[in-house]
Amino acid sequence: MRKGLLFATAALSAALLTTATACSSSSNSGSGDGGSAGGKKPKIGVILPDSKSSVRWETADRTYLAAAFKAAGVDYDIQNAEGDKQAFQTIADQMITGGVNVLVIVNLDSGTGKAVLDKAKAQGVATIDYDRLTLGGSAQYYVSFDNTQVGKLQGQGLTKCLSDMGAKNPVVAELNGSPTDNNATLFANGYNSVLDPLYASGEYTKGPNQSVPDWDNAQAQTIFEQMYTSQPNINGVLAANDGLANSAIAVLRKNHRNGQVPITGQDATVQGLQNILAGDQCMTVYKAVKKEADAAAALAVELAGGKKSAPATTVHDPTGNRDVPAVLLAPAAIFKENVQDVVTDGYVTKAELCTGEYADLCTKAGIK
Ligand code: GAL
């Protein structure tokens, strides 16, 4: 069934938009070799948030976006704010002054995201919220995954792993994503829709529950260390992405409890998949970033050419009280049994996954 889900993602994104086919390498900026609308070649600016909250932004999003823009024959400038809100705004000013026709952002928080989007709009620059919705913002489009479904898959994954271990009335801790990231709210809405009824019925006991500022993995380890000290009888951890999961696993390893406490994650990173193969992490959520990048690039190219696409759905922004045209892609749950799906999809290679001590674990899991 899960394999079908991965291919459903492909069909869904193909149906939503014509997607630019990716081809070559990534770079901070570049120029496509295609023609241009009305003489001047369209130029698209992209601001990525950081390179620490998740490796995805540099290992996947940048690469896939650059390839899609190059294939579409447009100029592009992809930069990373490295978690610095002032840098985020300075990069945006430079891109707008530099004449981008479309600005694509992954906001660091909705306040600075809104400021940037409003400046772009005032200069006639089209805008797209990529992956994260800017609450109260003015982005013309939002391209992401169904992030509430991401959280539901995490909640369901944790209950599966706890049930497989025969856990009785487990104490569940939660390491939530950044409070400044709307996605973290949506993830939590999803997993709490699964866990809250279990707390209410008494089947599960609600343990320590904290959000991790800026998804900072070092802070996550300190937070979980404090959780574990206060409640060493934690039986399961809902961690909102693979980086937070790895921080909690480091604490459990120190206490020789790794592998005995199921932990969730997200992003299907090499580290997350290796932790799953080692039995230290229960599951991760795979979001086919190539589909997300291709959909965003296709939208951006259409906007740059003065066309207005009509994505299939909208999401409601409660802060701005606005329905935002959106492309929402389907996530997939990944356990030890279907790690191969991520390799087959080309998101992670066997070579980077099955290194050193993981070579044997890959063989046992039948990774090819
Ligand atoms: C979220 C994103 C996730 C996760 C997190 C950390 O907004 O949707 O993929 O990686 O950021 O960067």
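A residue is near a molecule if one of its heavy atoms lies within 4 Å of it. By this rule, 14 residues surround the ligand, and the closest are Ser53, Asp131, Arg132, Asp181 and Asp267. The model is predicted, with local features needing pLDDT of at least 70 and side-chain atom pairs pLDDT 80 or more, while totals for chains, interfaces and linings use all residues. Residues are numbered from 1 along each chain as its sequence is written, and side-chain values use heavy atoms, leaving out hydrogens and water.

The shell around the ligand holds 3 nonpolar, 5 polar and 6 charged residues, where Asp, Glu, Lys and Arg count as charged, Ala, Val, Leu, Ile, Met, Phe, Trp, Tyr, Cys and Pro as nonpolar, and the others, Gly among them, as polar. Both domain 1 (10-139 + 289-329) and domain 2 (147-287 + 335-364) give at least three residues to this shell; the domain bounds come from an automatic or database assignment.

Turning to individual side chains, a polar atom of Arg56 lies 3.0 Å from an oxygen atom of the ligand. For Lys287, a polar side-chain atom is likewise 3.0 Å from a ligand oxygen.

Terms used. A polar contact is a pair of N or O atoms within 3.5 Å; within protein, one must be able to donate a hydrogen and the other to accept it, and residues adjacent in sequence count only if both atoms are side-chain atoms.
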